[in-house]
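Hi,

Here is the structure I said I would pass on. Have a look, and my notes follow below.

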Amino acid sequence: MIIEPETPFGQGLPKGAGSASPQFALLPPMPPERNPEPESAPVSAQPLWLAVELPHLALDALVQTGSAASKPLVITEDSARPRVHDANRAARQAGVRPGMALADALAVLNAAIVLDYAPEAIRQHLQTLAAVLLQFTDHVCPEPEERRILLEIGRSLRLFQGTTALEARVRDTLRRLGYTPRIGIARTPAAARLLAHLRHPARPLDRDMLRRTLSPLPLTVLPLPAADITALHGIGMERIGDLLRLPRNDLTLRYGARLPELVDRLLGDRPEPMPRFHPPETPAFHLEFDQEVNTTGALRFPLKRLLLQLEQTLRAGNHCVQGLELQLQHRDTTTRLTLERSQPGSRAGDWLELWNIRLSRLELPAPVRGLRLAVPRLLPTGADPAELFNRLEGTHDEPGFLARLRARLGDDAVLRYAPTLHPLPEEAQATCSLERFPALTAATTPAQRVAGASLWLCPPQPSAPPGPLEWLGRLEGGWWTGNDQRRDYAVTTDRQGRLCWIFRDLRSGQWRLQGFWG
């Protein structure tokens with residue numbers, strides 16, 4: 001509590017009261033200061049759901065292979081009575097619609113391409129996208145039958161700066177992978193599904209806003225049997241708002257429990273179980289072609305799509321990879337190609353450059369019917385300077401150079417010298433592959449520190465007695481292997497002016513040339 005004088009001493013007092021005590025006023029306490037929350041980073045106290053619907057997933061899967069045709073294309077389902085599952089733009093412009101009988105569709109099309117709907121391939125695509133979307137939230141729920149994925153994003157709003165920014169990130173990620181999503185956001189999964197299916201622009205975040213958004217919509221958009229819709233129309237209800245105004249007990253008595261449960265799920269009065277998606281420990285990505293591929297050049301576009309899916313999946317799990325396996329699936333056999341890098345990474349562009357080099361050296365033994373990209377082992381993501389800072393122009397990229405060289409020449413053509421810590425200089429190094437021995441700095445032995453090291457090492461060979469020389473030291477070793485050596489090393493200059501690294505064998509007294517001093 002703060003006490004301040006109401007008037008200065010001697011002012012505002014009656015005459016003759018100058019010596020009286022001053023008057024004081026009690027001021028209320030000041031409220032504590034609060035840091036305002038930024039408007040761009042709202043906090044959601046309630047769950048918030050984002051629904052991603054992929055109505056043209058079967059066509060999008062064809063786009064991944066690079067074989068989407070410009071002429072009419074129809075995807076059919078139900079082999080007993082074939083019907084149109086989906087059609088491309090050329091077929092739709094001719095009047096083909098999903099659900100139409102195949103015979104009716106072919107009657108209005110000229111030389112159309114007809115493909116079968118593959119539910120298992122669609123399920124794999126949806127699981128891949130679910131793993132990609134884990135980078136935005138840890139609660140992802142795919143629904144393969146409806147070609148839809150739901151994300152609980154209430155806890156992610158602060159990280160991604162609000163619903164608008166998060167929705168844009170999700171949409172951009174899916175579009176860069178070649179998919180055409182419809183997105184809906186609402187406080188309940190049922191409402192998010194409905195808004196995504198209708199491509200509704202509203203984003204109701206609370207109950208009142210959700211009621212105002214749903215009320216003007218027609219009853220026909222609800223996932224109800226046609227008989228229930230007809231019965232509701234029979235009593236004069238046309239819109240969802242009419243349904244929301246009816247008491248739940250009356251709905252239960254007249255139509256059973258299904259209709260009240262749907263209303264409760266739409267508004268959030270009844271919880272809806274949403275199982276979490278768990279990605280596989282070692283992801284794999286697969287594409288099947290509608291036509292056989294006979295050249296390696298035609299494999300580059302679908303391989304790029306697989307690598308983009310791999311990059312986004314690794315980003316979601318905070319992983320990277322050092323090696324990949326590419327399987328070229330033929331009619332009867334499979335060609336397996338492996339690629340290793342000296343350092344792990346996840347960016348699709350880096351891996352694509354290496355795979356293009358590898359494929360340019362390959363002759364296909366048979367036409368290719370599909371691709372499968374497998375990840376043998378996932379590694380945790382480490383600090384990558386290229387991800388944090390822009391690489392300066394002209395800097396040396398040794399890991400990338402070695403990876404490109406191995407992709408062109410083969411794994412066995414690029415080797416590394418590995419220290420063996422053997423005391424004899426001619427045995428101090430051995431060649432090995434890059435995987436068996438990474439780029440590490442090994443400590444030198446005491447003998448190497450005494451005797452020195454040369455620029456160009458060669459097997460010991462006889463040498464004439466030297467002229468003036470500079471002694472370096474004595475080396476003794478190898479007795480434990482039966483190759484007992486005792487040498488005195490020195491440096492001298494030959495007639496060409498080269499610094500020669502020589503030693504005298506103390507057992508035979510002969511001089512030998514070990515190498516040239518650097």
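T76 sits in strand β4 (residues 73-77); helices (H or I, at least four residues) and strands (E, at least two) are DSSP runs, counted from the N terminus. T76 is buried, at 6% relative accessible area (buried is under 20%, exposed over 50%, partly exposed in between, using a 1.4 Å probe and protein chains only). Its side chain makes a 3.4 Å polar contact with that of D116, meaning N or O atoms within 3.5 Å, one able to donate a hydrogen and the other to accept it; residues adjacent in sequence count only if both atoms are side-chain atoms.

This is a predicted model: local features need pLDDT of at least 70, side-chain atom pairs count only at pLDDT 80 or more, and totals for chains, interfaces and linings use all residues. Residues are numbered from 1 along each chain as its sequence is written, and side-chain values use heavy atoms, without hydrogens or water.

On to β13 (residues 368-374): five of its seven residues are buried. E288 is opposite G370, and E325 is opposite A374.

Cheers

Conventions: Two strands pair if DSSP finds at least two bridges between them.
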